[in-house]
Amino acid sequence: MGKVAIVTGGTRGIGRAICEKLQADGFTVVANYAGNDEAARKFTDETGIATYKWDVGDHEATQAGCAKVAAEVGPVDVVVNNAGITRDGTLMRMGFDDWNEVMRINLGGCFNMAKACFPGMKERGWGRIVNIGSINGQAGQYGQVNYAAAKSGIHGFTKALAQEGARFKITVNAIAPGYIDTDMVAAVPDEVLEKIVAKIPVGRLGKAEEIARGVSFLCSEDAAFVTGSTMSINGGQHMY
Ligand code: CAA
């Protein structure tokens with residue numbers, strides 16, 4: 001059996017592509033999800049990958065969920081923090097709940113997953129944590145003070161935890177995707193998205209598989225000397 005990898009928000013979009021790529025790489029993959037049971041069933045039917053349902057923004061639920069995965073599948077060596085939501089709106093229109101939910105899930109989820117899985121990685125002397133940030137955490141984005149703050153926080157979290165993990169052979173890296181062809185981006189109004197795509201030098205949205213290949217590298221043995229880094233995969237939209 002390969003090393004066990006958990007991908008949060010793993011049943012759809014970028015998360016699903018990451019699960020499939022890590023499975024192809026030989027990992028024993030499990031996908032966490034929070035809401036859409038039907039998508040999760042379809043995902044398992046099509047990929048054979050087991051799913052575990054909990055809210056990564058909930059600290060206790062994440063501890064319990066990761067303990068269940070460890071007991072049923074095996075100790076977790078790879079965590080991909082991919083789960084994320086948007087609650088876009090200008091500051092003037094954004095409510096505290098919109099702020100708090102995005103911080104709780106997108107950034108708090110990374111902390112909760114690391115708290116649950118880092119100790120075991122440290123004990124076994126090997127680990128990979130890959131956090132999915134965003135171009136909008138690097139450059140900001142109109143209408144996203146919550147999301148940009150959370151994603152920017154993920155980049156800081158990555159660099160700090162990388163320093164703590166290094167002596168235990170735990171690498172911690174981030175990927176900053178640009179605009180990828182997923183349901184999240186499809187929710188951006190057409191006229192807004194058209195303007196965004198016009199600013200991407202490569203001239204198109206990215207594909208989920210293009211993010212998954214980056215994750216695959218960062219989880220590999222070949223990436224043992226790569227830690228605390230951010231890999232931007234954005235078609236040249238923001239060069240950072
Ligand atoms: N810069 C400056 N001004 C802008 C602007 C921008 N980028 N975008 C809009 N404005 C201006 C408008 O011109 C308008 O000005 P006037 O009132 O003078 O005409 C004003 O701001 C209000 O604009 P909207 O009508 O668009 O405001 P809204 O409240 O209806 O909508 C919004 C705001 C919800 C943020 C909408 O603009 C939007 O959805 N933007 C896209 C946000 C986005 O890119 N989200 C990414 C989601 S995908 C993702 O996050 C994945 C990832 O990691 C990349």
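Biologist: Where in the chain does Ser220 lie?

Modeller: In this predicted model, Ser220 sits in the loop that runs between helix 9 (208–219) and strand 7 (230–233).

Biologist: What lies 3.3 Å from a polar atom of the side chain of Ser220?

Modeller: The backbone nitrogen of Asp222 is at that distance from the Ser220 side chain.

Biologist: How do Asn112 and Asn100 compare on accessibility, buried or partly exposed?

Modeller: Asn112 is found in helix 4 (residues 96–124), and Asn100 is found in helix 4 too. Asn112 has a relative accessible area of 5% and is therefore buried. Asn100 is at 33%, so it counts as partly exposed, because that class covers values between 20% and 50%.

Biologist: How many Å separate the C-alpha atoms of Asn112 and Gly89?

Modeller: Sequence separation and spatial separation are read side by side. Asn112 and Gly89 are 23 residues apart along the chain, with 26 Å between their C-alpha atoms. For Asn100 and Cys110, the figures are 10 residues in sequence and 15 Å in space, C-alpha to C-alpha.

Biologist: What shows where empty space is left?

Modeller: A probe the size of a water molecule is rolled over the atoms, and this shows where empty space is left. In this structure the largest pocket has a volume of about 1,100 Å³. Its lining consists of 49 residues, and Gly84, Ile85, Thr86, Tyr147 and Met184 lie nearest the centre. Several elements give two or more residues to this lining, among them helix 1 (13–24), strand 2 (28–33) and helix 6 (145–165).

Biologist: How do the residues of the lining of the largest pocket divide into nonpolar, polar and charged?

Modeller: The lining of the largest pocket has 22 nonpolar, 21 polar and 6 charged residues.

Biologist: What volume does the second largest pocket have?

Modeller: The second largest pocket has a volume of about 210 Å³. It is lined by 13 residues, with Gln141, Tyr179, Ile196, Lys199 and Gln237 closest to its centre. Helix 5 and helix 8 each contribute at least two residues to that lining. By class, the lining of the second largest pocket comprises 6 nonpolar, 5 polar and 2 charged residues.

Biologist: Which residues that surround the ligand are the closest?

Modeller: A shell of this kind is read as a list of residues, then by class, then by contacts. The ligand is surrounded by 18 residues, and the closest are Asp88, Ser134, Tyr142, Tyr147 and Tyr179. By class, the shell around the ligand has 9 nonpolar, 7 polar and 2 charged residues.

Biologist: Which side chains have a polar atom that lies 2.3 Å or 3.3 Å from an oxygen atom of the ligand?

Modeller: For Tyr142, a polar side-chain atom lies 2.3 Å from a ligand oxygen. For Gln141, the distance from a polar side-chain atom to an oxygen atom of the ligand is 3.3 Å.

Biologist: What share of the ligand's accessible area does the protein cover?

Modeller: On its own the ligand has 1,100 Å² of accessible area, and the protein covers 56% of it. The elements giving two or more residues to the shell are helix 7 and helix 8.

How values were computed: Residues numbered from 1 in each chain as written. Predicted model: local features only at pLDDT ≥ 70, side-chain atom pairs only at ≥ 80, totals over all residues. Heavy atoms only, no water. 1 Å grid on protein atoms, 1.4 Å probe; cavity = no way out; pocket = protein on both sides within 12 Å on 5 of 7 lines; lining within 4 Å. Points joined across faces, edges and corners; volume = space filled by probe spheres on them. Helix = DSSP H or I, 4+ residues; strand = E, 2+ residues; numbered from the N terminus. Nonpolar A, V, L, I, M, F, W, Y, C, P; charged D, E, K, R; others polar. Near = heavy atom within 4 Å. Polar contact = N/O pair within 3.5 Å; in protein donor to acceptor, adjacent residues only side chain to side chain. Areas by Shrake-Rupley, 256 points an atom, 1.4 Å probe, with all protein chains shown as cover. Buried < 20%, exposed > 50% of the residue type's maximum accessible area, 1.4 Å probe, protein only.
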